[in-house]
Amino acid sequence: MKLVAKKMMNVSGGGRAYRYGGEEFTILFTGQRAAETISHLETLRQSIADYKLVLRESDRPGDKKEGEGKRGSSSSSTSVSVTISIGVAESGERDGGANEVMKAADKALYRAKLSGRNRLCCEK
């Protein structure tokens with residue numbers, strides 16, 4: 001989803017976002033401890049959850065001339081929210097390199113999902 005990707009690309013704290021799988025992304029914070037990144041990731045998570053997406057109506061006008069003046073004027077529009085779950089890990093004490101860090105982050109992500117989603121968990 002473009003909204004989530006755009007917000008992730010603009011994460012504060014020097015993080016850089018990358019696509020990691022079909023619905024998974026990773027944000028790398030080079031040279032920072034996990035504890036230093038949590039406030040930035042929580043801000044990102046909350047920003048995405050707070051954003052209200054307006055669902056387009058299926059009978060909306062198809063071309064600009066026909067729809068001019070009509071778009072965005074419907075009072076019956078429905079909005080939804082998107083949430084993300086975040087797993088955090090750091091490389092400091094892991095000997096297995098990037099692969100082990102990604103496994104640890106995935107484990108933390110799984111815990112976040114099991115805990116009710118729309119939350120952040122940190123792998124110790």
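**View 1. Contacts across the whole chain of this predicted model.** Take the contacts in the protein chain between residues at least 6 apart in sequence: 54% of them join residues at least 24 apart. The chain holds 4 helices and 6 strands, and from the N terminus on these run α-β-β-α-β-α-β-β-α-β. Of its 124 residues, 28% count as buried.

**View 2. The hairpin of strand 1 and strand 2.** Here we zoom in on residues 16-19 (strand 1) and residues 25-28 (strand 2), which run antiparallel and are joined by 4 bridges. Between the two strands of the hairpin sit 5 residues.

**View 3. Helix 4 and its buried side.** Helix 4 covers residues 98-114, 17 residues in total, and spans 24 Å from its first C-alpha to its last, close to the 24 Å expected at 1.5 Å a residue. Its buried residues are Val101, Ala104, Ala105, Ala108, Leu109 and Ala112. Look down the axis of helix 4 and these buried residues fall within an arc of 145°, so they line one face of the helix. As for what covers them, strand 5 (86-88) and strand 6 (120-122) are included.

**View 4. The other face of helix 4.** Now for the face turned away from the buried side of helix 4, which carries exposed residues: Asn99, Lys103, Lys107, Tyr110 and Leu114.

**View 5. After helix 4: positive phi at Gly116, Arg117 and Asn118.** Gly116 follows helix 4 and has a positive phi, near 120°. Most residues other than glycine have a negative phi, so the next two are worth a look. Arg117, not a glycine, has a positive phi near 65°. Asn118 isn't a glycine either, yet its phi is positive at about 50°. Arg117 lies in the loop between helix 4 and strand 6, and Asn118 lies in that loop too. How accessible are they? Arg117 has a relative accessibility of 49%, so it counts as partly exposed; Asn118, at 26%, also counts as partly exposed, since buried would need a value under 20% and exposed one over 50%.

Methods: Residues are numbered from 1 along each chain as its sequence is written. This is a predicted model: local features need pLDDT of at least 70, side-chain atom pairs count only at pLDDT 80 or more; totals for chains, interfaces and linings use all residues. Side-chain values use heavy atoms; hydrogens and water are left out. Two strands pair if DSSP finds at least two bridges between them. The expected span of a helix is 1.5 Å times one less than its number of residues. Buried means under 20% relative accessible area, exposed over 50%, partly exposed in between (1.4 Å probe, protein chains only). The arc is that of the directions from the helix axis to the C-beta atoms. Contact means heavy atoms within 4.5 Å.
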